[in-house]
Amino acid sequence: MKMLSIRSPLRSSTFSRASSISLLVHTPSQTLPKSTTATKTDMQEIMQRSPTSSSSTPKQRLREQRVGDLILHKRRLVDVPHTASLADTMNVLVTNRVLAVPVAAPPGRWIGAGGSMILEADQETGAVRKQYIGIVTMLDILSHIAEDGDYDVQKVRDDQRDLGKKMATPVSLVIGHNLEGLSLWTFNPNTSILDCMEVLSKGIHRALVPIDSHMENIAGVELVESAPSYRMLTQMDVVQFLKDHSSEMEGIATRSIREVGAVSRHVYVITDQTKVIEAIKCMRVAMINAVPIVASEDFEHDHSQLLDLEGEGRKLMGTFSATDLRGCHLATLQSWLSATALDFTEKISKSPLCAVGPGQGSARPREPVTCTDGSSLAEAMDKAVEKHVHRVWVVDQQGLLTGVVSLTDMIRVLRVAIA
């Protein structure tokens, strides 16, 4: 077993802004964007761009699917202005039940994450309304809370003003806290599902897809884009789509996760003694959104550090996820930072102060989502989609944690299978 030292990564500036930027300040009283689906015209345009399949096999027809086919059901993009506070951004995440939001700013005054230039423009005149400068997730917000190296648990308990000050920070200042936030990805609707899967199999979790783009109609990944509206395509969308088309993949989904090479034996874990604030620090360093909680037993180690199991079985007790904290009231978040992550997971399903998970009718269950080495890939996909989790923990017959299957792993092996 290896211990992962917590050392804050160097953070480089990936975007800049001009002074004296003027934009309507987002306040909690503002009306949040409504969730709407693509219009009939939008869907007709996308369908016209998708080639009519004349392939002879189901796998070939699956390969001909385009990104545009995957976003027909997606609602209109929800974003926040660059002046929104982190507290307001959390409210948007909770209200719209999304895991990430793009940050919008006045055009021409910022350099987008990764040097991108993603613009929203009027459909008739082409006049630019806003520029998307990055995407912020709950992990970015939590990373900001835990950013100070000398962040003291006693201070967290006694001084709520410090947390309140952090949550008042403009959202634009936390872009790039985590590796994925250093780039802003877009897929042209004509991008093939294979090319899309190649990008998502590298650990990219989401990308914007333009509707009625003003740019050249080129398939692929773009850093420059202008369109009247966008949709968000995620890893979960792709896994859901592939799950629904598993019968077209010639038996790959029925094979075991061990057989197809979908299991990773390097699992970073925390123990039942790890504090919430310590868990957040660990996740920030490792750039992961969720960690399993294992029994500390009689092993001597620093509970504030991540441990790499490397296939070594340890009793799985729960899962700590950044998204579990997004619905907490400020005072509730304050009190839980000094609690153990295990206690937090046990309280989260009972607390009326915490938001329901996306797509769930009740609070997230306490039991972690698991499978075994012998479970089929289809079973792992079903559990990930049904429970809306990005990782399914692999356990042995005694319930000891031995590995993990992530959405990234699923997309990687499925891409090889249908290529």
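1. A nonpolar core is a set of buried Ala, Val, Leu, Ile, Met, Phe, Trp, Tyr and Cys residues joined through side-chain atoms within 4.5 Å. With that in hand, here is a friendly tour of this structure, which is a predicted model. The largest nonpolar core has 58 residues. Within this core, Phe320 and Leu325 have the most contacts. Helix H10, residues 276–286, gives the most to this core, contributing six residues. As background, nonpolar side chains in soluble globular proteins tend to be buried together.

2. Next, the aromatic rings. How many aromatic pairs does the count come to? The count comes to two. In one of them, Tyr132 and Tyr230 are edge-to-face, 5.7 Å centre to centre, with 90 degrees between the planes. This pair links distant parts of the chain, for Tyr132 sits in strand E5 (residues 128–137) and Tyr230 in strand E10, 98 residues apart. Tyr132 and Tyr230 are both buried.

3. Then there is the pair formed by Phe320 and Phe344. The ring centres of Phe320 and Phe344 are 5.5 Å apart and their planes meet at 65 degrees, so the pair is edge-to-face; the cut-off for that label is over 60 degrees. Here too the pair links distant parts of the chain: Phe320 belongs to strand E14 (residues 314–321) and Phe344 to helix H12 (residues 341–348), 24 residues apart. Phe320 counts as buried because its relative accessibility is 0%. Phe344 is also at 0% relative accessibility, so Phe344 counts as buried. You have met Phe320 already, as one of the residues with the most contacts inside the largest nonpolar core.

4. Now for an open space. The second largest pocket holds about 650 Å³ of space. It is lined by 24 residues, and the closest to its centre are Lys74, Arg75, Arg97, Val98 and Asp237. Strand E10 (229–234) and helix H9 (235–244) are the elements that give two or more residues to this lining. Helix H9 gives the most, with four residues. By residue type, the lining of the second largest pocket divides into nine nonpolar, nine polar and six charged residues. Strand E10 is also where Tyr230 of the tyrosine pair is found.

5. Besides being among the residues closest to the centre of the second largest pocket, Arg97 has a phi near 50 degrees, a positive value in a residue other than glycine. For context, most residues other than glycine have a negative phi. Where in the chain is Arg97 found? Arg97 is in the loop between helix H4 (86–96) and strand E3 (100–105). Arg97 counts as partly exposed because its relative accessibility is 44%.

6. His388 is another residue to check for its backbone angle. Its phi is near 55 degrees, again a positive value in a residue other than glycine. His388 lies in the loop between helix H13 (377–387) and strand E16 (391–395). With a relative accessible area of 23%, His388 is partly exposed; the label buried would need a value under 20%.

7. Is His301 buried or exposed? His301 is buried, because its relative accessible area is 16%. His301 and Thr271 are 30 residues apart in sequence, and their C-alpha atoms are 9.8 Å apart in space.

8. Back in strand E5, look at Ile135. Ile135 has a relative accessible area of 11%, so Ile135 is buried. Ile135 and Ala100 are 35 residues apart in sequence and 6.6 Å apart in space, C-alpha to C-alpha. Helix H5, residues 138–145, is mostly covered, with eight of its eight residues buried. Among these buried residues of H5 are Asp140, Ser143 and His144, as well as Met138 and Leu139.

9. Finally, the cysteines. How many disulfides does a search of the whole structure find? The search finds zero. Cys196 counts as buried because its relative accessibility is 1%. Cys371, at 3% relative accessibility, counts as buried too.

Conventions:
Residues are numbered from 1 along each chain as its sequence is written. This is a predicted model: local features need pLDDT of at least 70, side-chain atom pairs count only at pLDDT 80 or more; totals for chains, interfaces and linings use all residues. Side-chain values use heavy atoms; hydrogens and water are left out. On a 1 Å grid over the protein atoms alone, a cavity is a set of points where a 1.4 Å probe fits but cannot get out, and a pocket is an open set with protein on both sides within 12 Å along at least five of seven lines; lining residues have an atom within 4 Å of a point. Grid points are joined across faces, edges and corners, and a volume is the space filled by probe spheres set on the points. Ala, Val, Leu, Ile, Met, Phe, Trp, Tyr, Cys and Pro count as nonpolar, Asp, Glu, Lys and Arg as charged, and the others, Gly among them, as polar. Rings of Phe, Tyr and Trp (its six-membered ring) pair if their centres lie within 6.5 Å; planes under 30 degrees apart count as stacked, over 60 as edge-to-face and the rest as tilted. Buried means under 20% relative accessible area, exposed over 50%, partly exposed in between (1.4 Å probe, protein chains only). A disulfide is a pair of cysteine sulfur atoms within 2.5 Å.
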